[in-house]
Amino acid sequence: VDDVTLATYEARAQTYRDLGGVQRPALRSFLDRVAAVVGDGSILELGTGPGFDAALLEARGCRVTRTDGAYSFVEMLQSAGHEARRLDVRTDAFGDGFDAVLAQAVLLHLTRDEYSHALVRARDAVVQNGLLAVTLKEGDGSAWSEAKLDLPRYFTFWRAAEVSEALAGAGWSVIWIDHVMGATEPWLYVLAHAV
Ligand SMILES: C[S@@+](CC[C@H](N)C(=O)[O-])C[C@H]1O[C@@H](n2cnc3c(N)ncnc32)[C@H](O)[C@@H]1O
(Lines give C-alpha, C1' and ligand atoms only; values in the text may rest on other atoms or scores of the structure.)
Protein backbone atom coordinates (compact mmCIF):
# COMPACT_ATOMS: atom_id res chain seq x y z
CA VAL A 1 0.00 0.00 0.00
CA ASP A 2 2.54 2.54 1.01
CA ASP A 3 6.18 3.29 1.45
CA VAL A 4 5.38 5.99 3.99
CA THR A 5 5.41 3.56 6.90
CA LEU A 6 8.76 2.11 5.86
CA ALA A 7 10.14 5.63 5.37
CA THR A 8 9.12 6.36 8.96
CA TYR A 9 11.10 3.36 10.19
CA GLU A 10 14.05 4.35 8.01
CA ALA A 11 14.07 7.73 9.74
CA ARG A 12 13.26 6.57 13.25
CA ALA A 13 15.13 3.30 13.81
CA GLN A 14 17.13 4.74 16.74
CA THR A 15 14.01 6.21 18.32
CA TYR A 16 12.24 2.88 17.99
CA ARG A 17 15.20 1.04 19.54
CA ASP A 18 15.31 3.51 22.44
CA LEU A 19 11.67 2.69 23.24
CA GLY A 20 12.94 -0.76 24.27
CA GLY A 21 11.44 -4.20 23.72
CA VAL A 22 10.01 -7.43 25.13
CA GLN A 23 9.04 -6.26 28.70
CA ARG A 24 5.41 -7.43 28.49
CA PRO A 25 5.05 -10.76 30.32
CA ALA A 26 2.54 -11.95 27.71
CA LEU A 27 5.08 -11.31 24.95
CA ARG A 28 7.78 -13.11 26.90
CA SER A 29 5.55 -16.18 27.36
CA PHE A 30 4.58 -16.03 23.69
CA LEU A 31 8.26 -16.10 22.65
CA ASP A 32 9.00 -18.81 25.23
CA ARG A 33 6.24 -20.87 23.68
CA VAL A 34 7.77 -20.37 20.22
CA ALA A 35 11.20 -21.38 21.55
CA ALA A 36 9.73 -24.47 23.23
CA VAL A 37 8.24 -25.63 19.92
CA VAL A 38 11.22 -24.73 17.75
CA GLY A 39 14.03 -25.90 20.06
CA ASP A 40 17.32 -25.51 18.21
CA GLY A 41 15.49 -25.18 14.91
CA SER A 42 15.44 -22.22 12.53
CA ILE A 43 13.22 -19.15 12.61
CA LEU A 44 12.75 -16.63 9.82
CA GLU A 45 12.00 -13.35 11.54
CA LEU A 46 10.16 -10.75 9.45
CA GLY A 47 10.44 -7.11 10.53
CA THR A 48 13.09 -7.84 13.14
CA GLY A 49 13.57 -4.16 13.93
CA PRO A 50 16.24 -3.65 16.62
CA GLY A 51 16.17 -7.41 17.32
CA PHE A 52 14.90 -7.70 20.91
CA ASP A 53 12.87 -10.83 20.18
CA ALA A 54 15.62 -12.43 18.11
CA ALA A 55 18.04 -12.02 21.01
CA LEU A 56 15.61 -13.66 23.42
CA LEU A 57 14.96 -16.56 21.05
CA GLU A 58 18.66 -17.13 20.45
CA ALA A 59 19.23 -17.14 24.21
CA ARG A 60 16.68 -20.00 24.27
CA GLY A 61 18.69 -21.91 21.64
CA CYS A 62 16.79 -21.10 18.45
CA ARG A 63 18.60 -20.04 15.26
CA VAL A 64 17.13 -16.78 13.98
CA THR A 65 17.41 -15.28 10.50
CA ARG A 66 16.97 -11.52 10.95
CA THR A 67 15.27 -9.52 8.19
CA ASP A 68 13.61 -6.13 7.90
CA GLY A 69 12.13 -3.92 5.22
CA ALA A 70 14.03 -0.88 6.51
CA TYR A 71 17.73 -0.57 5.67
CA SER A 72 18.17 1.40 8.90
CA PHE A 73 17.31 -1.68 10.95
CA VAL A 74 19.32 -4.04 8.72
CA GLU A 75 22.37 -1.81 9.24
CA MET A 76 21.71 -1.51 12.97
CA LEU A 77 21.60 -5.30 13.28
CA GLN A 78 24.73 -5.72 11.16
CA SER A 79 26.59 -3.14 13.25
CA ALA A 80 25.70 -5.19 16.31
CA GLY A 81 27.45 -8.15 14.67
CA HIS A 82 24.42 -10.04 13.35
CA GLU A 83 23.72 -11.28 9.89
CA ALA A 84 20.67 -9.48 8.58
CA ARG A 85 19.13 -8.86 5.20
CA ARG A 86 16.55 -6.57 3.73
CA LEU A 87 13.25 -8.30 3.12
CA ASP A 88 10.07 -6.40 2.26
CA VAL A 89 7.24 -8.72 3.33
CA ARG A 90 5.04 -7.37 0.54
CA THR A 91 7.30 -8.19 -2.37
CA ASP A 92 10.49 -10.10 -1.54
CA ALA A 93 11.11 -13.86 -1.48
CA PHE A 94 11.01 -15.43 1.99
CA GLY A 95 13.23 -18.45 1.26
CA ASP A 96 12.26 -21.93 2.46
CA GLY A 97 13.00 -24.77 4.87
CA PHE A 98 12.48 -22.80 8.09
CA ASP A 99 10.97 -24.44 11.18
CA ALA A 100 9.07 -21.26 12.00
CA VAL A 101 8.23 -17.76 10.81
CA LEU A 102 7.93 -14.96 13.37
CA ALA A 103 6.36 -11.57 12.63
CA GLN A 104 5.95 -9.57 15.84
CA ALA A 105 4.09 -6.28 15.32
CA VAL A 106 4.95 -6.29 11.60
CA LEU A 107 2.10 -7.61 9.46
CA LEU A 108 -0.18 -5.03 11.12
CA HIS A 109 1.38 -2.53 8.70
CA LEU A 110 -0.07 -4.40 5.69
CA THR A 111 -3.50 -4.08 4.12
CA ARG A 112 -5.78 -7.12 4.43
CA ASP A 113 -4.87 -8.29 0.91
CA GLU A 114 -1.15 -7.83 1.47
CA TYR A 115 -1.47 -9.73 4.74
CA SER A 116 -3.17 -12.71 3.08
CA HIS A 117 -0.53 -12.76 0.37
CA ALA A 118 2.26 -12.67 2.99
CA LEU A 119 0.66 -15.61 4.82
CA VAL A 120 0.83 -17.75 1.69
CA ARG A 121 4.52 -16.95 1.22
CA ALA A 122 5.18 -17.59 4.91
CA ARG A 123 3.50 -21.00 4.47
CA ASP A 124 5.86 -21.76 1.58
CA ALA A 125 8.84 -20.74 3.72
CA VAL A 126 8.32 -23.40 6.41
CA VAL A 127 8.69 -27.16 6.57
CA GLN A 128 5.70 -29.47 6.95
CA ASN A 129 4.01 -28.70 10.29
CA GLY A 130 6.16 -25.56 10.63
CA LEU A 131 5.12 -22.84 13.06
CA LEU A 132 3.81 -19.33 12.46
CA ALA A 133 3.90 -16.75 15.26
CA VAL A 134 2.28 -13.39 14.56
CA THR A 135 1.08 -10.46 16.66
CA LEU A 136 -1.47 -7.94 15.42
CA LYS A 137 -3.49 -5.07 16.87
CA GLU A 138 -7.07 -6.04 17.67
CA GLY A 139 -9.92 -3.93 16.32
CA ASP A 140 -11.78 -2.86 13.22
CA GLY A 141 -10.72 -1.04 10.09
CA SER A 142 -7.39 0.70 9.62
CA ALA A 143 -5.74 3.98 10.60
CA TRP A 144 -2.74 6.23 10.21
CA SER A 145 -0.98 7.15 13.43
CA GLU A 146 1.98 9.33 14.40
CA ALA A 147 2.08 7.84 17.89
CA LYS A 148 5.51 7.02 19.37
CA LEU A 149 7.63 7.94 16.32
CA ASP A 150 6.16 11.37 15.44
CA LEU A 151 5.90 10.33 11.81
CA PRO A 152 3.02 8.49 10.11
CA ARG A 153 2.57 4.75 10.16
CA TYR A 154 -0.32 2.75 8.68
CA PHE A 155 -2.05 0.09 10.78
CA THR A 156 -4.69 -2.52 9.95
CA PHE A 157 -6.73 -3.81 12.90
CA TRP A 158 -7.89 -7.41 13.08
CA ARG A 159 -10.53 -9.55 14.75
CA ALA A 160 -9.77 -13.14 15.71
CA ALA A 161 -12.37 -14.59 13.35
CA GLU A 162 -10.94 -12.88 10.25
CA VAL A 163 -7.41 -13.81 11.29
CA SER A 164 -8.46 -17.48 11.48
CA GLU A 165 -10.14 -17.25 8.10
CA ALA A 166 -7.10 -15.67 6.44
CA LEU A 167 -4.81 -18.29 7.99
CA ALA A 168 -6.99 -21.19 6.83
CA GLY A 169 -7.03 -19.74 3.31
CA ALA A 170 -3.23 -19.66 3.28
CA GLY A 171 -2.66 -23.25 4.49
CA TRP A 172 -2.27 -22.62 8.22
CA SER A 173 -4.18 -24.20 11.08
CA VAL A 174 -4.67 -22.05 14.18
CA ILE A 175 -3.17 -23.41 17.41
CA TRP A 176 -4.49 -20.51 19.43
CA ILE A 177 -5.27 -16.82 19.27
CA ASP A 178 -4.73 -14.99 22.54
CA HIS A 179 -6.23 -11.62 23.44
CA VAL A 180 -3.53 -9.54 25.15
CA MET A 181 -3.91 -6.04 26.58
CA GLY A 182 -0.91 -3.92 25.60
CA ALA A 183 0.14 -0.58 27.11
CA THR A 184 -2.72 1.24 25.39
CA GLU A 185 -4.45 -1.15 23.00
CA PRO A 186 -5.59 -4.77 22.72
CA TRP A 187 -3.48 -7.17 20.69
CA LEU A 188 -3.95 -10.61 19.16
CA TYR A 189 -1.14 -13.12 19.67
CA VAL A 190 -1.45 -15.83 17.06
CA LEU A 191 0.17 -19.27 16.78
CA ALA A 192 -0.54 -21.56 13.84
CA HIS A 193 1.03 -24.55 12.17
CA ALA A 194 1.37 -25.41 8.52
CA VAL A 195 -1.02 -28.05 7.23
C1 LIG B 1 6.45 -2.11 15.18
S2 LIG B 1 8.02 -2.53 14.48
C3 LIG B 1 8.36 -4.13 15.24
C4 LIG B 1 9.82 -4.49 15.25
C5 LIG B 1 10.16 -5.77 16.00
N6 LIG B 1 9.49 -6.93 15.44
C7 LIG B 1 9.80 -5.61 17.47
O8 LIG B 1 8.79 -6.17 17.89
O9 LIG B 1 10.53 -4.89 18.16
C10 LIG B 1 7.60 -2.94 12.81
C11 LIG B 1 8.77 -3.44 12.00
O12 LIG B 1 8.33 -3.88 10.73
C13 LIG B 1 9.18 -3.37 9.74
N14 LIG B 1 8.40 -3.25 8.51
C15 LIG B 1 7.42 -2.36 8.24
N16 LIG B 1 6.94 -2.58 6.99
C17 LIG B 1 7.64 -3.63 6.50
C18 LIG B 1 7.63 -4.33 5.25
N19 LIG B 1 6.80 -3.98 4.26
N20 LIG B 1 8.49 -5.36 5.10
C21 LIG B 1 9.33 -5.72 6.08
N22 LIG B 1 9.40 -5.09 7.26
C23 LIG B 1 8.57 -4.06 7.47
C24 LIG B 1 9.68 -2.06 10.29
O25 LIG B 1 10.87 -1.62 9.68
C26 LIG B 1 9.84 -2.40 11.77
O27 LIG B 1 11.10 -2.98 12.04
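The largest pocket holds about 1100 Å³ of space. It is lined by 48 residues, of which Tyr9, Tyr16, Ala105, His109 and Arg153 are the closest to its centre. Two or more lining residues are contributed by each of helix 1, helix 3 (52-59), strand 6 (142-145) and strand 7 (153-156). Among the contributors, helix 1 provides the largest share of the lining, with four residues. When the lining is sorted by class, 22 residues are nonpolar, 14 are polar and twelve are charged. The structure described here is a predicted model.

The ligand sits in this largest pocket. A shell of 19 residues surrounds the ligand, and the closest of them are Gly47, Asp68, Asp88, Val89 and Gln104. By class, the shell comprises nine nonpolar, six polar and four charged residues. Helix 1, which spans residues 4-18, gives the most to this shell, with three residues.

At Gly47, a backbone N or O atom lies 2.8 Å from a nitrogen atom of the ligand. At Gln104, a polar backbone atom is likewise placed 2.8 Å from a ligand nitrogen atom. The side chain of Asp88 is also involved, with an N or O atom 3.0 Å from a nitrogen atom of the ligand. Taken alone, the ligand exposes 590 Å², and the protein buries 96% of that area.

Definitions and conventions:
Residues are numbered from 1 along each chain as its sequence is written. This is a predicted model: local features need pLDDT of at least 70, side-chain atom pairs count only at pLDDT 80 or more; totals for chains, interfaces and linings use all residues. Side-chain values use heavy atoms; hydrogens and water are left out. A residue is near a molecule or strand if one of its heavy atoms lies within 4 Å of it. A polar contact is a pair of N or O atoms within 3.5 Å; within protein, one must be able to donate a hydrogen and the other to accept it, and residues adjacent in sequence count only if both atoms are side-chain atoms. Accessible areas come from the Shrake-Rupley method with a 1.4 Å probe; for residues, only the protein chains shown count as cover. On a 1 Å grid over the protein atoms alone, a cavity is a set of points where a 1.4 Å probe fits but cannot get out, and a pocket is an open set with protein on both sides within 12 Å along at least five of seven lines; lining residues have an atom within 4 Å of a point. A molecule sits in a cavity or pocket if more than half of its atoms lie within 2 Å of its grid points. Ala, Val, Leu, Ile, Met, Phe, Trp, Tyr, Cys and Pro count as nonpolar, Asp, Glu, Lys and Arg as charged, and the others, Gly among them, as polar. Grid points are joined across faces, edges and corners, and a volume is the space filled by probe spheres set on the points.
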